[in-house]
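Please keep the sequence and the three-dimensional view at hand while reading.

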Amino acid sequence: MPNARACSIANALTVIGERWSLLALREVFFGVHRFDRIAENTGASRDILAARLRTLVAAGVLDRRQYEQHPPRYEYVLTEAGQALHTVLLTLMDWGDRHVTDGPPPTVWRHGCGATLAPRTVCAACGEPVRTEDMTLVRTRRRADN
């Protein structure tokens, strides 16, 4: 599709748009940094998880840091780009809680103010919630227009 729409969503999905990538990122956000625990908590097979982690490292979302010399062992930590995905994961979790998960949410976060966290997207300029009916598309391009 040489004339497909140029899209940052499509670009982002090439890096994080696979189930095991998102679940691995979830674990790192939860403070789980070592391969064995990430594999255990996600249910991903070791070979698939290793491939997804390599992709996330190559894309600059995670850093792979050695924590043991003999045998060599590594942990995964968020880069600045990885940390920027925090709101994406929280919003995806909130959507899953409201539209897919039966029963109470399996994971609950508390905000620094003491309230249970309910993530919302707001306009950086005015602070108002972002609603579809308040948005106007300004520009979109086809790849051939680049």
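T107 lies in the loop between α6 and β4, where helices (H or I, at least four residues) and strands (E, at least two) are DSSP runs numbered from the N terminus. The model is a predicted one, in which local features need pLDDT of at least 70 and side-chain atom pairs count only at pLDDT 80 or more, while totals for chains, interfaces and linings use all residues. Residues are numbered from 1 along each chain as its sequence is written, and side-chain values use heavy atoms, with hydrogens and water left out.

With a relative accessible area of 26%, T107 is partly exposed; buried means under 20% relative accessible area, exposed over 50%, and partly exposed in between, with a 1.4 Å probe and protein chains only. Leaving aside neighbours within four places in sequence, T107 is in contact (heavy atoms within 4.5 Å) with F30, M93 and D97. From T107 to I16 the separation is 91 residues in sequence and 21 Å in space, C-alpha to C-alpha.

## Aromatic rings and charges

How many aromatic pairs does the structure hold? There is 1 aromatic pair, and F30, a contact of T107, belongs to this pair together with W109. The two rings are tilted, at 5.7 Å centre to centre and with 50° between the planes. By definition, rings of Phe, Tyr and Trp (its six-membered ring) pair if their centres lie within 6.5 Å, and planes under 30 degrees apart count as stacked, over 60 as edge-to-face and the rest as tilted. The pair links distant parts of the chain, since F30 is in the loop between α2 (19-29) and α3 (35-42) and W109 in the loop between α6 (86-99) and β4 (141-142), 79 residues apart. F30 is partly exposed at 38% relative accessible area, and W109 is also partly exposed, at 27%.

Two arginines sit over tyrosine rings, as listed below; a charge sits over a ring if NZ of Lys or CZ of Arg is within 6 Å of the ring centre and within 35 degrees of the ring normal.

| Arginine | Ring | Distance from ring centre |
|---|---|---|
| R34 | Y67 | 3.7 Å |
| R64 | Y74 | 3.5 Å |

## A buried serine and a cis peptide bond

S21, placed in helix α2, is buried with a relative accessible area of 2%. Not counting residues up to four places away in sequence, S21 touches V15, I16, R52 and L56.

H70, by contrast, is exposed at 73% relative accessibility and lies in the loop between β2 (62-68) and β3 (73-78). The peptide bond from H70 to P71 is cis, with omega near -10°, and P71 is placed in the loop between β2 and β3. H70 and P129 are 59 residues apart in sequence and 51 Å apart in space, C-alpha to C-alpha.

## The chain as a whole

The secondary structure of the protein chain comes to 6 helices and 4 strands, and from the N terminus on the elements run β-α-α-α-α-β-β-α-α-β. The C-alpha trace spans about 55 × 45 × 30 Å along its principal axes. Of the 146 residues, 22% count as buried, and among contacts between residues at least 6 apart in sequence, 47% join residues at least 24 apart.
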